Amino acid sequence: MRVHKRTIALCFYFGLLLLPIYWMLTMSLRTNADILGAFAIYPTHPTLANFVKIFTDESWYSGYLNSMIYVTENTLISLVTALPAAYAFSRFRFLGDKHVFFWLLTNRMAPAAVFLLPYFQLYSTLQMIDTHIAVALAHCLFNVPLAVWILEGFMSGVPREIDETAFIDGYSFPRFFTTIFVPLIRSGVGVTAFFCFMFSWVELLFARTLTVTKAKPIVATMTRTISATGLDWGLMAAAGILCILPGALVIWFVRNHMAKGFALGRV
Amino acid sequence: MEKWDDNRAWFLVLPVFIVVAFSAIVPLMTVVNYSVQDILGPGQTYFAGTEWFEEVLHDGRLHEALWRQLLFSGLVLLIEIPLGIMIALAMPKRGWGVSACLVTLALPLLIPWNVIGTIWLIFTRPDIGMLGVAINKAGIVFDHTASPTDAWITVMLMEVWHWTPLVALLCYAGLRAIPEAYYQAAKIDGASGWAVFRYIQLPKMRGVLTIAILLRFMDSFLIYAEPFVLTGGGPGNSTTFLSIYLVKIAMGQFDLGPAAAFSLIYFVIVLLFSFIFYQVLQNVGRREKQ
């Protein structure tokens with residue numbers, strides 16, 4: 001009976017969670033006049049015009065491709081650099097370890113707007129403006145610290161006896177790390193990969209400042225729907241719906257890693 | 001767990017250090033530089049010393065915005081952390097339900113922040129929005145453009161809707177990382193559901209909860225796009241949070257000095273609170289272990 005009540009509460013929560021998403025979906029299927037004209041619980045004259053516009057206009061769909069490129073780059077850089085660092089923080093005591101660990105997180109604490117001008121100057125000097133890697137590197141500012149912190153939490157949950165046994169068994173560090181240790185914290189790696197993807201995907205200020213046309217992300221293209229003549233609600237909702245899909249795919253792929261705990265005694 | 005002493009661990013940290021330092025140190029130095037100068041144009045800069053800091057610290061509207069911000073972030077933590085834990089505990093452990101729950105939870109997180117503000121703007125409109133119409137049909141007058149209380153409720157609702165999934169996802173991953181053996185041991189001991197939560201699940205979730213609390217505190221303290229699009233800081237100044245006020249200052253003046261000084265003070269406040277949270281959570285963990 002207890003489990004039953006819990007499931008009902010969970011379904012209720014997910015119902016509420018989906019309401020604004022449903023609202024965005026119905027908006028994407030309506031014209032602006034229809035949206036602003038009258039309240040309707042579902043679209044009475046559904047139209048795909050908003051989606052057609054996004055898929056046929058290159059300035060729209062190239063935005064999605066650009067975003068996907070730099071977000072993927074950023075997620076890979078974040079994970080590859082953060083995994084060994086998180087291991088160091090969770091297993092070793094070394095000079096300045098606590099300070100560096102906390103310093104990493106302080107990079108998430110400043111209002112991003114104030115960094116824009118310095119960033120533009122820095123990347124202009126390096127001639128990296130309007131490249132995907134520039135945005136990917138800029139997003140490392142907040143994603144790498146996040147990855148290190150999340151992964152460190154998961155790694156500290158793994159008993160150190162596992163490391164010791166593996167080293168006694170003659171495993172080298174790289175082999176132990178990639179074949180035994182990382183699979184043990186796969187739920188942590190899964191959730192970290194998703195968060196890096198997500199934070200980089202929705203970030204607007206850096207991505208817009210560092211790009212012109214060749215690497216212009218979808219979030220920047222979307223601000224075009226807010227123009228002098230008012231908001232293009234339907235088009236924006238359609239772009240928003242399409243914005244959800246890549247990330248939903250990412251979590252679909254990492255879901256098995258996230259849901260799988262670890263079994264002790266693998267070594 | 002005693003850690004190994006070994007300074008060679010720095011080699012493992014080095015890649016992260018280089019990547020982050022590249023993005024952090026030069027821009028931060030530039031901002032510090034602006035904050036002590038009077039910049040009237042290219043090549044026309046004068047040293048202003050602590051003038052901007054004094055001006056900013058004596059700004060009464062800044063104090064109001066700060067209290068508002070503290071109240072907001074406090075409420076965010078009080079609602080989202082327990083709710084996220086409860087959702088994670090209620091989620092299924094295997095089967096198709098897991099995938100359904102994880103994907104659904106991820107949806108609000110993946111929408112760009114300015115779009116979230118715009119969707120909620122329509123969603124809560126009393127004439128054509130689903131929530132607005134529903135509340136007004138229920139006989140309650142609700143209009144977030146006119147009443148400060150309604151504006152606060154709307155911003156809180158949006159914030160909880162948007163970010164609770166992040167806490168839930170973190171907690172769920174943390175729960176799944178607990179070895180099955182712990183639960184079996186608890187079962188043999190005949191532990192109650194509460195005891196399992198208090199003495200196994202909660203301590204084991206300390207790592208993910210620490211990052212969840214810090215992350216939610218920092219991001220809610222820096223919140224800008226969603227409330228700005230939804231309420232524009234109003235009605236009156238009732239939802240003018242710190243970052244909205246900062247941008248007002250930065251846009252309203254030609255000088256970069258005061259805005260840079262403001263951002264540094266802002267940064268120090270976030271830093272201070274995060275440090276306190278971190279220390280408290282670390283100490284709780286140490287006491288638990290003894």
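This is a predicted model: local features need pLDDT of at least 70, side-chain atom pairs count only at pLDDT 80 or more; totals for chains, interfaces and linings use all residues.
Why does Asp130(A) count as partly exposed? Residues are numbered from 1 along each chain as its sequence is written, and chains are lettered from A and ligands numbered from 1 in the order in which they are written.

Back to Asp130(A): it counts as partly exposed because it has 15 C-beta neighbours inside 10 Å. (Buried means 20 or more other C-beta atoms within 10 Å of a residue's own, exposed 12 or fewer, partly exposed in between, with C-beta atoms placed from the backbone.) Asp130(A) sits in the loop between H6 and H7 of chain A, and its phi is positive, about 65°, although it is not a glycine. Helices here are DSSP runs of H or I, at least four residues, and strands are runs of E, at least two, numbered from the N terminus.

Gln127(A) lies in the loop between helix H6 (116–125) and helix H7 (132–156) of chain A. Its phi is near 55°, again positive in a residue other than glycine. Gln127(A) counts as exposed, because 9 C-beta neighbours fall inside 10 Å.

Now over to chain B, friends. Chain B has 13 helices and three strands, and its C-alpha atoms fill a box of roughly 75 × 65 × 30 Å along the principal axes. Of the 290 residues in chain B, 38% are buried.
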